[in-house]
Every structure is written in structure tokens, then in C-alpha cells.
Amino acid sequence: MNIFSWNNLDYPLVLCPPMDGITDRAFREVIANEGGLPLTYTEFVNVKSIIYQNPKALKDLEFTSNCQTIVQLFGSEPDDFYEATRIVVRMGYRAIDINMGCPAHNVVDKGGGCALMNDTEKAYRIVQSTIKAANDELRQIEPNTNQEIEVSCKMRLGVVNDTDVFTHGIKMIEAGAKAIAIHGRTLKQMYTGFANWDRIGEFVKLVRDSYKFSFDRVKIFGSGDVKTLYQAFEKFIKYKVDGVMIGRGSFGNPKVFSKKSIDKLKDFVRKYIDTPYESIPWTEIEEELGEYKYGFKELKNYAIKHAELCFKYKGEHGIIQMRKHLGWYFSGLPHAKELRSLLVRVNSLDEIKQILNEYETKYELQG
Ligand SMILES: Cc1cc2nc3c(=O)[nH]c(=O)nc-3n(C[C@H](O)[C@H](O)[C@H](O)COP(=O)(O)O)c2cc1C
């Protein structure tokens, strides 16, 4: 059986990026169910927690049942990545992503996440160590295989300087990374301001035109502030990335990953990728790929299905974690404030269903 390879996917890709506190198994299964994603990422998982078999880390490592899962690891030491990678490959993972973008103090202060962009030499060793571990372990499991487990990296534009990625990203490709995803902000920016897609586009040019790394060798993905498939279309055309990630834009909005819409997006990208900007029928494409308008019943079905999965995998704690998703699902509705004030306090599945049913009857909602 062929193992996962970035070369075997249908480009251009729309992806949901790894998000701590969001992309747990329940969320991944809800979005994968839409059929448009080729894979899902776990939340980031600390390599040390894996090595010490921390129960929360093991929970985070559960596979998405209905979709290929890539595990994202964070840490700061090549030896830890070596050990943790062998463990996750033993568990069944066949694709690994390394976090070089997290700006949180508790991660960066220990030399992990985006701090690795300040130490490219160490990050290089981490990528190599991860690749070696993955394939050492694969050969333990399947001694005769000639396949390779691939490693990718997700980073920001830089720490303070938004051009760090030009050197750091290239080094990670030289270390063997098969895909580079870039969030178009610096660590200093955290989540403020806007993602700078011009820099992401400049990186694509550098990789393809100056360094001549082929598409087969490495894929480049952009991330930041994309909320609709129409906006994703614009990024593909303008910046020639191989994939666009939709993170926060997918909160309460699983339809953004629907197969039908993503297939349509792919067709448009293939058709217009070489068309002059001013000759592209932007309005027509926006009508096809713009924001999806949900009816209440549809949102209710998504919310209940999602909550059931949260409960199935995490019990009551899953319902507490579901509260924020409930807020996102129903944010655009009339009287949303009233509904959300009730949903942010729920403790059980029954309570969620009761509140939604009462709201539906009270406002005689259709659709
Ligand atoms: C709540 C939250 C958690 C995140 N956790 C991670 C993470 O674990 N690993 C990672 O590489 N990026 C993480 N990110 C960054 C996202 O993957 C993404 O690059 C960023 O949110 C920009 O994209 P967006 O504007 O589409 O959300 C996180 C972002 C958010 C909002």
C-alpha cells in the first residue's frame, strides 16, 4: 500500500491548518465529512508530552476516522523530535508536520514554535532528525519498504522581520521538508494586523525561480485571513501557492470545506491560472464561491452532530469545549446574542438540543 505523499494529492489544495484548542478529533471529523479536504492536521502536540505518554497528548493523537491525519509536533530539541517521531510512527502516523510558527510565550520561551525561526541551524537539525526517526521506525515496521515518510513545516514570515522566511524556509527545504506552510505574519505581530500575502508570493517565486525547487520536491501553502473560497481563489491566482489554508474562517462554517465547492474552486484555478488578472470574471466567480448562507436547521444539525462527537470522544469536558463552537455556529442569526448567552453555559447534549429547539419554536425559524 502506498503511504501518504504530498505528491499524490489533487492540487491546488484547500486545507484546514492545525489549530490548538480547535482541531480536535470531533472538529476534524465534522470538517472532513464535507469531503473537500485531502487531509486533516491534529492540534500541535508537545514532543516531550508524547515521550512521557501524557494522557492529554495521547488524546490529541487520536486519528480522524474519516480522513488522513497529519500530526503536528512542537518542541525545541532534535533528540526529542527523534524519540517522539518514532512513537507517533509506531502509533500509525505516516506524515509529520513541525510547528515553527506558534507565538505563545510558554512555547517560544522554551525555544519551540516560532523561536525556531531564530535558530535556523537547530531547526534544520530538527527536520533532519524527524525525517530520520520516521524512516528508521518505518523500516522497523516494514523492513522491505522503499517508501519514505514525509515531513513538512509550518512557520510564520519571521520573528520580527517579515523576510526571515526567505532564508529559514529555504533551509528547511534543503533539510528535506516536502511542504512549507507560511502564516503571513511575524511572531511580533501575533494575530494583529493583516497577513502579508505579498511576502508569501515572494517566497513562492524565490523557491521556484531562484532556487529552482520543483513542485515535485516541495509544496508551498499560504495561511492567514482567508475566510471564503473566493478569497482562496484570489490567493491562488495572485500568489501561485500550491495550497491555501482556511483556519478561523472555518469556525462555525464547515461548508467552506464542501467537496462540491472546492471542486468548483479547483476548476476555476486551473482555468484561469494563466489568464491576465483583468480578464478573469471575478464577479461571476465570487457569486459561485462567496460566503455560504446557512439556514437555522442546517446550523442546528451541524451543531448537534459536532456536539455529539465532542461528547463521544471527550465526555462532559467535550461539551464545555463545544461552547465556543456553538457561539460561532449561531453568530450570524437574528437574536443571536440571546441564543449565545444560553449556549455558552451548556453542560450537556440534552441542554444544547433543548435550547436550540426552544429557540427554533420561539422564532419560527425555517431553512
Ligand atoms: C486558536 C488557534 C490555534 C492555533 N494553533 C496552531 C497550532 O497548533 N499550530 C499551528 O501551526 N498554527 C496554529 N494556529 C495558526 C493557524 O494555523 C493559522 O496559521 C492562523 O490562524 C492564520 O490563519 P487564519 O487567518 O485562516 O486563521 C492557530 C490559530 C488559532 C486561531
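Tutor: Domain bounds here come from an automatic or database domain assignment. In this predicted model, that assignment divides the chain into domain 1, covering 6–289, and domain 2, covering 296–362. The centres of domain 1 and domain 2, taken over C-alpha atoms, are separated by 30 Å. Where the two domains touch, domain 1 supplies 16 residues and domain 2 supplies 13 residues to the contact.

Now to the ligand. The ligand sits in the largest pocket. Around the ligand there are 16 residues, of which Asp 20, Gln 72, Ser 223, Asp 225 and Arg 248 come nearest. Sorted by class, this shell holds six nonpolar, six polar and four charged residues.

On the side-chain side, Lys 154 places a polar atom 2.8 Å from a ligand oxygen. From the backbone, an N or O atom of Gly 247 lies 2.9 Å from an oxygen atom of the ligand, and a backbone N or O atom of Phe 44 lies 3.4 Å from a ligand oxygen. As for cover, the ligand taken alone exposes 600 Å², and the protein buries 88% of that area.

Key. Residues numbered from 1 in each chain as written. Predicted model: local features only at pLDDT ≥ 70, side-chain atom pairs only at ≥ 80, totals over all residues. Heavy atoms only, no water. Near = heavy atom within 4 Å. Polar contact = N/O pair within 3.5 Å; in protein donor to acceptor, adjacent residues only side chain to side chain. Areas by Shrake-Rupley, 256 points an atom, 1.4 Å probe, with all protein chains shown as cover. 1 Å grid on protein atoms, 1.4 Å probe; cavity = no way out; pocket = protein on both sides within 12 Å on 5 of 7 lines; lining within 4 Å. Sits in = over half its atoms within 2 Å of the grid points. Nonpolar A, V, L, I, M, F, W, Y, C, P; charged D, E, K, R; others polar. Contact = heavy atoms within 4.5 Å.
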